Amino acid sequence: MTDAPLLIVGASMAGLRTAEGARRAGYDGPIELLGEENHAPYNRPPLSKELLQTEGHGHDEVAFPIRSALEQGVTWTLGRAAASLDAERRVVVDSAGVEHPYSSLVIATGLRPKSCPIPTHGLQGIHVLRTLDDAVGLRSALRPGANVVILGSGFVGCEIAATAAKNGCSVSIVTQSAVPLERALGAELGGEVRRRHEAHGVHFFTRDGLFGLVGEESVERVILTSGVMLECDVLVVAVGSDPNTEWLEGSGLDVSDGVLVDGGLRAVGIDGAVRPDVFAVGDVARYPNPLFDDVARRVEHWNLPTETGKRAGQLIAAHLRGDDCEPLAAAGFAPLPSFWSDQYDMHLLAFGMTYLADRAELVAGSLGDECVVEYFRGDDLVGVCGIGMRSLVQSYRSRFTVPTAA
Ligand SMILES: Cc1cc2nc3c(=O)[nH]c(=O)nc-3n(C[C@H](O)[C@H](O)[C@H](O)COP(=O)(O)OP(=O)(O)OC[C@H]3O[C@@H](n4cnc5c(N)ncnc54)[C@H](O)[C@@H]3O)c2cc1C
């Protein structure tokens, strides 16, 4: 056994939850958290909601509490990114060239927003939203009367639109989809989301994209592929995210779309072999979920950093004790994904993987009010989403179970 710490790269929600999980599972050795941001772990959902709206809110309002189990034996190395991994020597090298040896390694580096799809030529006024610093910068731009164009109509784009409209901005959403949240919610519920945004004055340009940017120092207008020209003081690019895995190039791990892991969250190499001392958790991990099928996927929902962190913590503690981890890893990992979104007074809550569905059915309430929609792939229920009706939506949790072998 080595004296090197359990090294967690990515000091955010999934990294924190893994450290807590390892302690809870009995690991009392040293832990190091290495994080690129200067901030201690904080909660991201308020960045597109309360924090984006409330002047003066900052890290204090969104910081995760650090539990007493992590007060001893934990080193925080913040403001420093991992640059490479030498898995043979069990060493991570950071951006300053400093080596960080490890006994076990956790990859918790999450995602970063995709950048603007066309050249920006250094123009100011173009934003993305992933970090606290992004949110504080965007908040100061969302002043009343500002012309805000949001590229993308996923959750982050729609939530920013709602917040900007509430702030008194003039808001347009430009999207390649026919309706907002099309992939997650389908045409009907997505159409209802559009109707509610329009009721708050948001303009939609669907099946459209960004063709050009006009401005001297700062963006002043955007030209859409349809030929429409929009006044624009603030352009928010919200067209999805990429996993932060560049530092793992050449490490031998399968990082073809996030870090491929097995049901024990142990990394899998390009040779197909499991690496017993390397784990991945949170948004960056790609794993199969037997609740749905055996396809490995990345899932970007808030409850999964906690579920994956808890699970990895158990395996890490067992591995560092020298236990045989195979029975634990083989026990299977089947977390139920869940997401919510707040836009105006509309509260969306969902369970499952709605985006796997080929069919959606309204089963309670009405679209214009509160409602519940079920999502099916063939005959199988793969998701449920409600506007309001929280207790009915919650009651579906027990309906998602791992199929028993025939
Ligand atoms: C604006 C916003 C709103 C959201 N709202 C909701 C919501 O309403 N509901 C919901 O279900 N989910 C929501 N989510 C998703 C949820 O917040 C994420 O699923 C969750 O934050 C993922 O946590 P994570 O720790 O895996 O990754 P992250 O939170 O991305 O953390 C990864 C950390 O690793 C660091 N890092 C990256 N590369 C390196 C490196 N090379 N070296 C060291 N550190 C590195 C990053 O700087 C970051 O601090 C939202 C996300 C965002 C961005």
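Predicted model: local features only at pLDDT ≥ 70, side-chain atom pairs only at ≥ 80, totals over all residues.
Visitor: Which residues of domain 1 lose the most area to domain 2?
Guide: Those residues are Ser48, Leu52 and Gln53. Together they account for 38% of what the domain 1 side buries.

Visitor: What is the area buried between the two, domain 1 and domain 2?
Guide: The buried area is about 1,500 Å². Carbon and sulfur atoms give 55% of that area.

Visitor: Let me step back. Where are the domains in the numbering?
Guide: The domain assignment places domain 1 at 6-112 + 242-330. Domain 2 covers 115-237, and domain 3 covers 345-399.

Visitor: What distance separates the centres of domain 1 and domain 2?
Guide: Taken over C-alpha atoms, the two centres are 31 Å apart.

Visitor: Back to the interface. How many salt bridges are there between domain 1 and domain 2?
Guide: The count is three salt bridges.

Visitor: And which side chain meets Glu159 in a salt bridge?
Guide: The partner of Glu159 is Lys49, with a distance of 2.9 Å from N to O.

Visitor: How many residue pairs are in polar contact across that interface?
Guide: Eleven residue pairs are found in polar contact across the interface of domain 1 and domain 2, both residues being at pLDDT 80 or more.

Visitor: New topic: strands. Do strand 7 and strand 20 pair in the parallel or the antiparallel sense?
Guide: Strand 7 (residues 104-107) and strand 20 (residues 274-280) pair in the parallel sense, over three bridges. Ile107 has Ala280 of strand 20 as its bridge partner.

Visitor: How many bridges join strand 19 to strand 20?
Guide: Two bridges join strand 19 (residues 266-268) to strand 20, and these strands run antiparallel.

Visitor: What lies between strand 19 and strand 20 in their hairpin?
Guide: There are five residues between the strands of that hairpin. Gly272 takes a positive phi there, near 85°.

Conventions. Residues numbered from 1 in each chain as written. Heavy atoms only, no water. Domains from an automatic or database assignment. Buried area = accessible area lost by both parts, 1.4 Å probe. Salt bridge = Lys/Arg side-chain N within 4 Å of Asp/Glu carboxyl O. Polar contact = N/O pair within 3.5 Å; in protein donor to acceptor, adjacent residues only side chain to side chain. Pairing = 2+ DSSP bridges. Helix = DSSP H or I, 4+ residues; strand = E, 2+ residues; numbered from the N terminus.
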